[in-house]
Amino acid sequence: MKILKYALILILSIAIVSGVIITSIGYSAYKNAIAEKPINDTIAKIQEMKNYMTVNDLPETYKNAVIAIEDHRFYQHGAIDITSIGRAIYSNVTNFKLGEGGSTITQQVAKNIFLSQEQTITRKVAEIFVAFDLEKNYSKDDILELYVNTSYFGSGYYGIYAASMGYFNKKPKDLTLEECALLAGIPNAPSVYSLNANPDLAKQRAQTVLDAMKKYGYLGE
């Protein structure tokens, strides 16, 4: 019994020390990232870009599609969503692979603008620190705008305006429901769901978006 007790204490101690080290490295990466790209200055430049789309420039259907498929509790939680993180951890542990990340739209904005796309725990920690800064200084609508304007949509299209014009030759405000669903589904895996590269997979992903919209009350049957 004593051996088991000591073993548990040792495991707990290792976990705590590892957590402290990972958090420290992640915090350092966060500080380096915002030193290189100061948050307010960087976002101001993005918002001044030609064809930057505000929430008022976007169809309600597209905004609803993005929220339904990417982060359905976006307007209810803060920088992180504890419920989604818990679900992701459970899924990853039970499936023995890093399949889900539980990232909020705010975390994705942090990653897309300020950090790399590498899949590491320390990058994830840095992402969370940046996300808290974003939530502290910007509204949810601001953050949603930043997400759709900086996401990659495949085929060389960055931002919703370029994707809408490139794929459908129309401005975002003129998108149909089906087109909104298609575009909302692409940033999850642009090389996989690009309409030009894999139209059949893109349509399957669009159906997943529509199902999510129905599930969360944005569409009727």
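Of the contacts in the protein with a separation of 6 or more, 64% link residues 24 or more positions apart; a contact means heavy atoms within 4.5 Å. The model is predicted, so local features were taken only at pLDDT of at least 70 and side-chain atom pairs only at pLDDT 80 or more, while totals for chains, interfaces and linings use all residues. Numbering starts from 1 along each chain as its sequence is written, and side-chain values use heavy atoms, with hydrogens and water left out.

The protein holds 11 helices and 0 strands. From the N terminus on, the order is α-α-α-α-α-α-α-α-α-α-α. Helices are DSSP runs of H or I with at least four residues, strands are runs of E with at least two, and both are numbered from the N terminus.

Confidence was examined next. pLDDT is the predictor's confidence in each residue, from 0 to 100. Its mean is 88 for the protein, and 89% of the residues reach 70 or more. Residues 95–100 stay under 50, and the model has 6 contacts for them beyond four places in sequence. Where pLDDT is low, the predicted coordinates should not be read in detail.

Of the 221 residues, 43% are buried. Buried means under 20% relative accessible area, exposed means over 50%, and partly exposed lies in between (1.4 Å probe, protein chains only). The largest nonpolar core has 53 residues. Such a core is a set of buried Ala, Val, Leu, Ile, Met, Phe, Trp, Tyr and Cys residues joined through side-chain atoms within 4.5 Å. Tyr-62, Val-130, Leu-134 and Leu-183 touch the most other members. Beyond four places in sequence, Leu-183 touches residues including Tyr-62, Phe-153, Ile-160 and Phe-168.

The accessible surface comes to about 12300 Å², and 57% of this area belongs to carbon and sulfur atoms. Areas come from the Shrake-Rupley method with a 1.4 Å probe; for residues, only the protein chains shown count as cover. Leu-4, Leu-8 and Ile-11 make a nonpolar surface patch of about 310 Å². Patch residues have over 30% relative accessible area and no salt bridge; nonpolar side chains (Val, Leu, Ile, Met, Phe, Trp, Tyr) are joined within 5 Å, like charges within 9 Å. Leu-4 lies in helix α1 (residues 2–36) and is exposed at 51%.

Two loop residues carry a positive phi. Most residues other than glycine have a negative phi. Asn-51, in the loop between α2 (39–47) and α3, has phi near 70 degrees. Ser-155, in the loop between α7 (140–150) and α8 (160–168), has phi near 55 degrees. Asn-51 is partly exposed at 33% relative accessible area, and Ser-155 is partly exposed at 34%.

The count of salt bridges comes to 9, each being a side-chain nitrogen of Lys or Arg within 4 Å of a carboxyl oxygen of Asp or Glu. Glu-127 and Arg-123 pair at 2.1 Å, N to O. They sit 4 residues apart in helix α6 (residues 121–137), so about one helical turn separates them. Glu-127 is buried at 1%, and Arg-123 is buried at 5%. Lys-140 pairs with Glu-135 at 2.9 Å; Lys-140 is buried at 15%. The C-alpha atoms of Lys-140 and Gln-76 are separated by 9.8 Å, and Gln-76 is exposed at 58%. Asp-174 pairs with Lys-173 at 3.4 Å. Asp-174 is partly exposed at 41%, whereas Lys-173 is exposed at 55%. Shared partners join Arg-123, Lys-124 and Glu-127 into one salt-bridge network.
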